Amino acid sequence: MQPPPDFDPGKLAKSLLRRSRQGALATLMTGSGDPYCSLVNLASHPDGSPILLISRLAVHTRNILADSRVSLMLDERVVGDPLEGARIMLSGRAEEAAAEDLLQRRYLSAHPSAEGFVSFKDFSFFRIRPTGTHLVAGFGRIVDLKPEQFLTDLTGAEDLLAAEEGAVEHMNTDHRDTMNLYATKLLGAAAGDWRCTGCDPEGLDMQDGQTTLRLDFPERVTDGPGLRKMLVRLAGEARMKVDQSATG
């Protein structure tokens, strides 16, 4: 069965990658090659690929170091029957990464409690380089996607990536009220202590506790000035909705 014409599988897969904070990681047992599955915390790279912070003492880490092939299951965690929500099974290779500032910053933004052990010698960052994903989003909505269909192209966005840290800090220090407006007026979420956890050419990631949101930009942004203009524009749209509610 072909998916309905209004279904955008790439957009949904991107959203799941950005919003997911936990997933089921499947690795291959050293020696036997038997499948081994474990629960892991994750964050996302600016291109959307998953970032893991895992210990060398863990079985899944030893498996990855012997055979980097992995799969990662992510789901929407909907209320009620979990099979009614969208989920993806992402396949790829997990590569150990140097303690890059970008990876650590993004991971700690998503999981502040990891600050307590991120510097432990047995913990390392790994980044999953996807080779494909299988998306299941309901009846007639099952699609296999290639990496270029669900990862964000960072070509030409070097200036934006350089400005990300400062932009995130600025939004969280000076504009928490605006973050709340984005969440409530543009995304229909409940009011809360919303903060920014990252941005990329296609959107802004937001989090309140374990609840996450993705604010997509109407146009691609590739530099700091463009990001500021986009955030001001979206804030204006959110405040317009407030005014409409007040006069309605």
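A pocket here is an open set of points on a 1 Å grid over the protein atoms alone, with protein on both sides within 12 Å along at least five of seven lines, whereas a cavity is a set where a 1.4 Å probe fits but cannot get out; lining residues have an atom within 4 Å of a point. Grid points are joined across faces, edges and corners, and a volume is the space filled by probe spheres set on the points. The model is predicted, with local features needing pLDDT of at least 70 and side-chain atom pairs counted only at pLDDT 80 or more, while totals for chains, interfaces and linings use all residues. Residues are numbered from 1 along each chain as its sequence is written, and side-chain values use heavy atoms, with hydrogens and water left out.

Pockets come first. The largest one has a volume of about 440 Å³. Its lining takes in 17 residues, and R19, S20, D75, E76 and T212 sit nearest the centre. At least two lining residues come from each of α1 and β11; helices (H or I, at least four residues) and strands (E, at least two) are DSSP runs, numbered from the N terminus. By class, the lining of the largest pocket splits into three nonpolar, six polar and eight charged residues. For this count Ala, Val, Leu, Ile, Met, Phe, Trp, Tyr, Cys and Pro are nonpolar, Asp, Glu, Lys and Arg are charged, and the others, Gly among them, are polar.

The second largest pocket comes in at about 260 Å³. It is lined by 14 residues, with H170, M171, H175, R228 and L231 closest to its centre. Two or more lining residues come from each of α5, α6 and α7 (224-247), and α7 gives the most, with seven. Here the classes read eight nonpolar, four polar and two charged.

Two of those helices also pack on each other. Helix α5 (residues 158-174) meets helix α6 (residues 176-186) at an angle of about 95°, with the axes 5 Å apart; axes are lines fitted to C-alpha atoms, for helices over the stretch in contact, and angles run from 0 to 180 degrees between N-to-C directions. That makes α5 roughly perpendicular to α6, a label for angles of 65 to 115 degrees (under 35 is roughly parallel, over 145 roughly antiparallel, the rest oblique). On the α5 side, M171, N172 and D174 make the contact, and R176, D177, T178, M179 and Y182 do so from α6, where contact means heavy atoms within 4.5 Å. These residues divide into three nonpolar, two polar and three charged.

Then there is an open sheet of three strands, ordered β9-β10-β11 with antiparallel pairing; two strands pair if DSSP finds at least two bridges between them. The edges are β9 (195-200) and β11 (211-216), each of which pairs on one side only. Neighbouring strands are turned by 20° against each other on average, direction ignored. Between β9 and β10 (residues 203-208) there are five bridges, and R195 has Q207 in β10 as its bridge partner. Helix α1 (residues 9-19) packs on this sheet and touches β9, β10 and β11, its direction making about 135° with that of β11.

Finally, the cavity search. The lining consists of R18, R21, A43, S44, R106, A110, T197 and D205, with β3 (43-44) and α3 (101-110) each giving two or more residues. Two of the lining residues are nonpolar, two polar and four charged.
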